[in-house]
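Dear colleague,

Please find the structure below, handed over for your reading.

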Amino acid sequence: MDDWLVSMPKVELHAHLNGSIRDSTLLQLAKALGEKGVIDFSEVEHVILKSDRSIVEVFKLFDLIHILTTDHKTVTRITKEVIADFASENVVYLELRTTPKRNDSIGMTKRSYMEAVVKGLRAESSVDVVFMSYTANGGSFVNSLPSNDEYNGKTRKKIYVRLLLSIDRRETTAAAMETVMLAVEMRHLGVVGIDLSGNPLVGEWATYLPALEFARDQGLYITFTVERCVHVPNRQEVQAMLEFSPQRIGHAIFFEEEDWRKLKSSKIPVEICLTSNIRTMSVRSLDVHHFVDLYNGKHPLVLCTDDSGVFSTSVSNEYKIAASSFGLGKREMFELAKSAVEFIFADDAMKNDLRKIFDSSVKNLG
Ligand code: 6MZ
């Protein structure tokens with residue numbers, strides 16, 4: 001990996017918590033559940049280590065991951081590790097998304113799941129994790145954690161973290177609504193928006209629409225995964241999603257010219273996940289990836305990992321792939337990384353802080 005790509009500040013806007021877990025952690029969790037007789041470790045070991053998954057296998061793996069990460073303690077642990085991993089490669093601002101989960105058998109509610117996530121944000125002491133509290137008067141944001149630059153004599157890396165709550169496409173209208181209400185209540189803990197994701201082969205747009213409309217009315221930011229499969233193009237849903245006009249779109253994989261025209265004229269920023277698109281065969285190969293068309297047309301874009309664990313990638317690696325596949329130089333990559341600041345779900349004060357971080361690092365490009 002080129003050092004400059006790792007040391008360059010980066011912004012990550014499309015990362016699913018349970019998709020970003022270290023392989024070593026997944027293996028450890030699987031082994032422990034194997035020893036308790038909950039799962040058969042020998043059957044899942046190769047599933048965890050397999051690469052080149054199809055989209056169906058990806059969602060099967062998520063089902064397994066969700067068995068491995070059901071309890072509060074594990075949710076806190078993975079959050080802590082995921083934040084540390086992004087900070088270690090100089091992600092300076094992260095919007096981490098996760099689906100609040102209910103698990104009656106262990107007394108987990110959507111709220112207690114999210115509390116475990118927030119506990120994970122507070123737990124990482126080797127990194128200065130800054131998430132914000134919302135003040136109702138005037139809507140300004142203030143840091144909720146003291147800044148401390150030293151840890152074991154070394155300067156700590158600082159990462160701003162915001163949370164997006166995901167609605168899973170398998171959920172009912174009531175469950176989706178519960179997630180949005182939770183997001184509203186957890187604003188002071190850095191929750192800024194709602195994501196609609198999950199297996200694109202399941203679910204109906206009409207099911208989530210009331211919750212998404214409610215989220216919009218409450219002033220939450222909204223992003224969707226628009227990634228129809230070749231087998232299930234579902235034109236109407238893509239049109240409805242574009243019509244809704246979210247603040248960002250994940251993937252943006254369409255098949256119809258008219259949808260592309262609409263996206264381009266809308267200027268809705270797109271979260272591009274190169275490795276994910278190739279691994280799930282949503283895009284045939286990088287040389288036909290829509291990144292090129294959108295980048296050349298100066299459409300707002302941000303490179304993201306989607307699931308750094310499941311797809312064995314990192315933000316730096318996504319930048320490396322873009323640089324080498326699309327022939328972009330250091331300066332262009334830096335400008336691409338910096339431009340992502342404009343598409344974050346935060347106010348101008350936050351954006352200004354980040355612009356300064358980028359400006360002060362430009363001299364290190366060489
Ligand atoms: C659609 C995806 C996804 O929420 O449990 N998820 N949904 N497309 C993708 N890429 C091909 N990658 C992840 O993180 C895992 C969940 O995020 C969604 C799926 O619902 C998956 O179960 P959380 O933290």
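Lys80 lies in helix α5, where helices (H or I, at least four residues) and strands (E, at least two) are DSSP runs, numbered from the N terminus. Please note that this is a predicted model, in which local features need pLDDT of at least 70 and side-chain atom pairs count only at pLDDT 80 or more, while totals for chains, interfaces and linings use all residues. Residues are numbered from 1 along each chain as its sequence is written.

Lys80 counts as buried because it has 21 C-beta neighbours inside 10 Å. By definition, a residue is buried if 20 or more other C-beta atoms lie within 10 Å of its own, exposed if 12 or fewer, and partly exposed in between, with C-beta atoms placed from the backbone. Leaving aside residues up to four places away in sequence, Lys80 touches Gly120, Ala123 and Glu124; two residues are in contact if their C-beta atoms, placed from the backbone, lie within 7 Å. Glu124 is 44 residues from Lys80 in sequence, yet the two are 5.5 Å apart in space, C-alpha to C-alpha.

Lys73 also belongs to helix α5, which covers residues 72-88. Lys73 counts as exposed because it has 11 C-beta neighbours inside 10 Å. Its C-alpha atom is separated by 9.7 Å from that of Tyr113, 40 residues apart along the chain.

**The ligand shell**

The ligand is surrounded by 18 residues, of which His16, Leu17, Asn18, Thr98 and Thr99 are the closest. A residue is near a molecule or strand if its C-beta atom, placed from the backbone, lies within 6 Å of it. Two or more residues of this shell come from each of α4 (55-68), β8 (157-168) and β10 (221-227). By class, the shell has three nonpolar, 11 polar and four charged residues. Here Ala, Val, Leu, Ile, Met, Phe, Trp, Tyr, Cys and Pro count as nonpolar, Asp, Glu, Lys and Arg as charged, and the others, Gly among them, as polar.

**Helices α2 and α3**

Helix α2 (residues 23-35) packs against helix α3 (residues 41-49) at an angle of about 170°, with their axes 10 Å apart. Axes are lines fitted to C-alpha atoms, for helices over the stretch in contact, and angles run from 0 to 180 degrees between N-to-C directions. The two helices are therefore roughly antiparallel to each other, a term used for angles over 145 degrees. On the α2 side the contact is made by Asp23, Leu26, Leu27, Ala30, Lys31 and Gly34, and on the α3 side by Phe41, Val44, Glu45, Ile48 and Leu49. This contact has seven nonpolar, one polar and three charged residues.

Val130 is in strand β3 (residues 127-130) and is buried, with 21 other C-beta atoms within 10 Å. Buried residues in α13 are Val315, Ser316, Asn317, Glu318, Tyr319 and Ala322. After α13 comes Gly327, whose phi is positive, near 65°.

Ser312 is in the loop between β13 and α13 and has a positive phi, near 45°, in a residue other than glycine. Ser312 counts as partly exposed because it has 14 C-beta neighbours inside 10 Å.

Yours sincerely

Notes. Angles under 35 degrees count as roughly parallel, over 145 as roughly antiparallel, 65 to 115 as roughly perpendicular and the rest as oblique.
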